[in-house]
Amino acid sequence: MKDFFAHWMTQNFLVVAGIALIAWILWSGAHHERWQRAWVRLRADRGGMIALWVVGIYLFIGALELIHLPNGKGGHHSILDVAFANRVALEKTYSAPLSDTLLSSASGEKLTGTHLLGTDTLGKDVLVETLKGCSTALVLGGLTSVIYIPLGTLMGILAGYFRRWVDDLVQYIYTTIASVPSILLLISLMMVLGKGLFQMSVAIAFTSWVGLCRLIRGETMRQSERSYVAAAKALGQTSAAIMSRHLLPNLMHLVLINFVLGFSGVILAEATLSYLGVGSPVGTASWGNMIDGGRSELSRDPLIWWNLTSATVALFGLVLSLNILGDSLRRAFDPKRG
Amino acid sequence: MIRQIARLSAIAAALWLAACDNNPHPAALRETDDDGTKWSVRYQNLPEDPKSFDPQYSYDQMSRRVIEPVYDTLLEYHPLKTDPYEVVPCMLAEMPKHEVTADGLHSYVCRLKPGILYHDDPCFPGGKGREVIAADVHYILQRMCDPRVESPFLAPFAESVVGMAETNEAAKKAGDKLDYDTMNVAGFEAIDRYAFRLRLKKPFPQLLYWMAFQCMSPVAREAVEYYDGKEHDGKLRPDFRKFYAVGTGPYRIAEYLPRQRVRLERVKNYKTTVFPSDSHPPEKAEFLAKLAGKQLPFIDEVQMTILRENIPIFILTRQGYLDGMAVNKDSFAAILGAEKTLSPKYKERGMFLEVDREPSTFWIAMNLDDPIIGKNKKLRQALSASYDPATYSEIFMSGVAPVATQLLPPGIYGYQKDRKNPYGYNLERAKQLLAEAGYPNGRDANGKQLELTLEAISSGSEDRQRSEYDQRHFERLGIKVKVSENTFARLMDRQDNGEFQISSGSGWGADYPDPENFYMLFYSKNVPLAGKNYCRYRNPEFDKLFEQMSVMENSPERLAIINKMSDIIAEDVPVILTFNKQFYTAVQPWAERTHNNLMMEGGIKYLVIDPEKREKIRREWNRAPLWPLGILAALIAFAIFHAVRWNRRQNA
């Protein structure tokens with residue numbers, strides 16, 4: 001079973017399935033009149049459209065790294081490797097951007113290739129590492145969302161629809177979780193679960209469903225007062241049908257906005273955890289690991305800034321775009337409040 | 001009125017700035033000595049907290065750094081003889097006499113210098129330290145046998161000294177009723193007030209080196225019994241086994257603040273040792289000739305600041321607040337210029353650069369009980385040949401540490417300069433060996449990729465980079481290497497319990513300069529918890545040679561056996577040899593080094609300092625630039641001017 005999940009074909013399948021799922025949600029939403037109106041409004045929003053494009057580019061690069069092809073020697077490598085990374089030479093250690101010698105005052109050894117953003121301690125090209133960092137961020141964001149969004153939505157709807165003891169129970173659980181400082185909770189969860197991307201996703205999901213759950217609960221309560229729910233009840237529909245057929249579609253825009261905004265939170269959480277040394281495992285190209293490494297590099301003389309800067313700019317670009325996009329979506333779906 | 005306030009505040013600000021000082025150290029214990037000379041202080045750093053000041057208990061490096069100047073040893077390393085290392089008398093009047101009786105029993109006769117005193121302490125009658133006598137040596141042997149002391153040194157003594165094992169057994173049975181008055185170590189015999197004889201079960205040439213270790217430093221029974229960590233007359237006494245010392249050495253511990261600093265103060269009536277007059281290296285002959293024969297120590301106070309991070313060490317050294325630092329990866333490029341000499345900036349400052357060679361070897365350990373890696377010698381050889389220690393040294397040790405070619409480091413008897421590691425770095429050969437091991441291109445007969453787990457320490461980003469380096473080098477063979485991250489303590493546990501496949505971050509620093517100290521790590525009877533053979537290497541031929549070699553005095557026959565053992569280890573590859581630790585130390589112009597001996601943990605008593613020179617240079621290095629303040633003042637003035645004008649216009 002472990003072998004099955006570790007296999008690259010399985011990984012490819014999951015990635016394609018994930019992208020298909022997003023496409024399907026968007027496509028099915030496209031029939032909805034509300035979503036169509038939002039799309040028209042979003043297209044008029046210049047900032048939102050730019051952010052959408054930027055996010056799309058990140059997604060594309062991440063997907064290139066995630067989809068693997070056989071390399072003919074029994075192994076496999078990603079499309080990004082084939083197209084770009086395999087052609088970039090590996091150096092011995094640090095070199096400055098576009099420099100042609102190693103950054104070692106003693107030897108002044110020549111490099112074997114040119115590096116637009118220089119190389120890191122182990123001589124890896126920083127540009128390649130930064131691009132590969134996209135995939136780690138996306139996998140983590142995706143996995144975490146897959147866990148926490150259904151959980152938060154389900155709990156929120158149940159609490160908001162049934163109220164009474166169900167509501168009390170759900171509220172009790174999420175206030176307990178929310179009362180523990182989330183970074184401490186994350187660190188202790190990581191210590192218990194061990195290192196790994198999946199473990200990290202579980203830990204982050206565990207702390208981030210609370211916000212969504214609150215939001216959905218409130219909105220469900222508001223929607224339950226509306227006449228269409230009363231009508232459905234009068235027609236004798238079951239609670240499950242009311243929740244899934246009537247309430248959920250009217251809550252999906254909240255889920256979408258929360259997904260986009262939450263994504264950036266997850267990426268930041270990964271960077272924080274990696275910085276604290278409990279994040280991504282060794283050998284994973286991750287922006288958090290790069291920033292953590294940059295801590296000591298900044299105190300070196302001569303200073304090594306390219307590693308930290310690249311990771312920070314990449315992280316900043318994605319998080320900012322996601323936030324702008326999230327805000328634009330909110331405005332598009334709810335023009336009165338926006 | 002307003003003008004007056006402005007003038008006053010300007011004066012106050014100027015005074016405050018003048019009083020400002022970036023000196024992070026607390027004031028010295030005294031300004032001047034009794035005879036009116038200036039009180040001299042040495043400032044150095046300590047990377048971690050010590051664990052205990054009890055000489056029979058503490059074995060870790062940090063504790064040893066603190067207690068070395070506090071407890072003198074029976075013998076000590078000659079500070080200027082490093083190749084090979086040599087022990088000379090310290091508390092003993094002369095080197096121990098080796099005697100062999102007619103029936104083949106070995107013993108050593110030792111004689112203490114008369115008149116060595118314990119430091120003054122309330123535990124002695126009248127608070128005056130008493131003389132050290134032969135019975136004190138018996139007392140420390142008793143302490144080692146006492147299970148409550150948990151002495152890690154018991155094993156080698158119990159094996160070789162008559163009566164130690166039996167006394168230890170009896171003490172275990174007695175438990176809390178153990179009485180030191182009736183407890184007796186049969187191998188110890190007091191000849192007179194100062195002389196004693198140690199009788200041995202078998203030849204034990206390493207005993208002389210153990211005598212240079214703090215575990216054989218005499219301690220006073222009065223002190224151990226007085227400082228029991230319990231409450232007496234409403235006052236809590238410190239615990240001798242933790243952080244209290246009543247020593248015999250040139251310094252006493254004046255202060256220990258956990259996570260902050262240890263402060264040592266010179267002991268006034270110390271007379272035991274003087275600076276050696278022989279073996280001065282020619283390049284320092286003139287400097288050392290002035291010290292020869294002088295009473296030790298030279299410095300009045302030592303402040304050891306506990307600094308865990310590299311960055312503050314470099315900054316404090318640059319400001320002149322530390323008297324020297326080991327050049328690390330992050331400061332290397334700043335301190336060293338081309339050709340690995342001091343960079344012009346620091347040469348101008350008059351700094352010295354010393355090369356420090358530690359008698360230690362580092363390696364990546366493999367578990368020979370592991371079903372995959374333990375039974376497949378070719379696989380271990382392939383892994384060894386795939387690893388490139390030279391590049392590792394270049395990246396993480398700035399290329400200073402030499403690649404280890406054999407288990408023994410330079411300076412240890414039996415080290416061969418021209419020996420080559422038969423499975424040293426050669427990637428092509430490694431791939432071929434891997435194929436011979438049954439994993440062509442890293443895949444087994446079923447085409448499944450070989451997956452190995454590397455246990456590593458992760459306490460920071462640099463550790464992670466190191467692990468990634470190891471991982472990448474092994475993976476070039478086409479195999480998969482998973483890195484599992486541990487804390488240092490967890491990794492030690494894993495090694496002891498055999499819960500690892502490959503373990504990085506291992507190595508051994510010599511406790512004493514004898515090959516036995518390294519080969520014991522591969523002796524089959526030393527598999528944990530009995531010893532430190534965590535690779536679980538078992539080879540009857542090697543064991544036989546080890547047993548022979550360990551009881552021999554250095555001789556051509558012994559050398560032949562040692563070489564044979566080196567061959568066996570090199571062929572069986574229980575460890576992937578990486579490097580011998582060597583590093584540069586930048587020394588301040590006022591603290592010229594008097595010795596380079598790393599068998600000692602600092603050798604503080606031999607060091608010198610020129611406090612006046614330091615004060616002058618320090619002031620020069622710490623001249624604060626005033627222009628940022630000027631800019632700030634200008635900005636504030638501009639803002640006030642603007643605000644006033646805007647306000648007037650509003651009100652007009």
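## Ground rules

Residues are numbered from 1 along each chain as its sequence is written, and chains are lettered from A and ligands numbered from 1 in the order in which they are written. In this predicted model, local features need pLDDT of at least 70 and side-chain atom pairs count only at pLDDT 80 or more, while totals for chains, interfaces and linings use all residues.

## The six-stranded sheet of chain B

Chain B holds an open sheet of six strands. Their order is S13-S18-S14-S17-S15-S16, and the pairing is mixed. Helices (H or I, at least four residues) and strands (E, at least two) are DSSP runs, numbered from the N terminus. Two strands pair if DSSP finds at least two bridges between them.

Strand S13 (324–326) and strand S16 (480–486) of chain B form the edges, each pairing on one side only. On average, neighbouring strands of this sheet are turned by 30 degrees against each other, direction ignored. The axes behind this angle are lines fitted to C-alpha atoms, for helices over the stretch in contact, and angles run from 0 to 180 degrees between N-to-C directions.

Inside the order, strand S15 (residues 451–457) and strand S17 (residues 502–509) of chain B run parallel and pair over two bridges. B:Leu454 has B:Ile502 of S17(B) as its bridge partner.

## Where chain B touches chain A

Here 28 residues of chain B are in contact with 22 residues of chain A. Contact means that C-beta atoms, placed from the backbone, lie within 7 Å. On the chain B side, helix H10 (329–335), helix H13 (389–396), helix H15 (461–475) and S16 each supply at least two residues. H15(B) gives the most, with nine residues.

By class, this side of chain B has seven nonpolar, 11 polar and 10 charged residues. Ala, Val, Leu, Ile, Met, Phe, Trp, Tyr, Cys and Pro count as nonpolar; Asp, Glu, Lys and Arg as charged; the others, Gly among them, as polar.

## Backbone exceptions

Most residues other than glycine have a negative phi, and most peptide bonds are trans. A cis bond joins B:Leu296 and B:Pro297, with omega about -10 degrees. B:Pro297 sits in the loop between helix H8 (285–289) and strand S12 (301–306) of chain B.

B:Arg536 is not a glycine, yet its phi is positive, about 60 degrees. B:Arg536 lies in the loop between helix H17 (516–519) and helix H18 (540–550) of chain B. With 20 C-beta neighbours inside 10 Å, B:Arg536 counts as buried. The cut-offs are 20 or more other C-beta atoms within 10 Å for buried, 12 or fewer for exposed, and partly exposed in between, with C-beta atoms placed from the backbone.

B:Val573 also has a positive phi, about 45 degrees. Its loop runs between helix H19 (556–572) and strand S18 (575–587) of chain B. B:Val573 is buried because 24 other C-beta atoms lie within 10 Å.

Technical notes: Contact = placed C-beta atoms within 7 Å.
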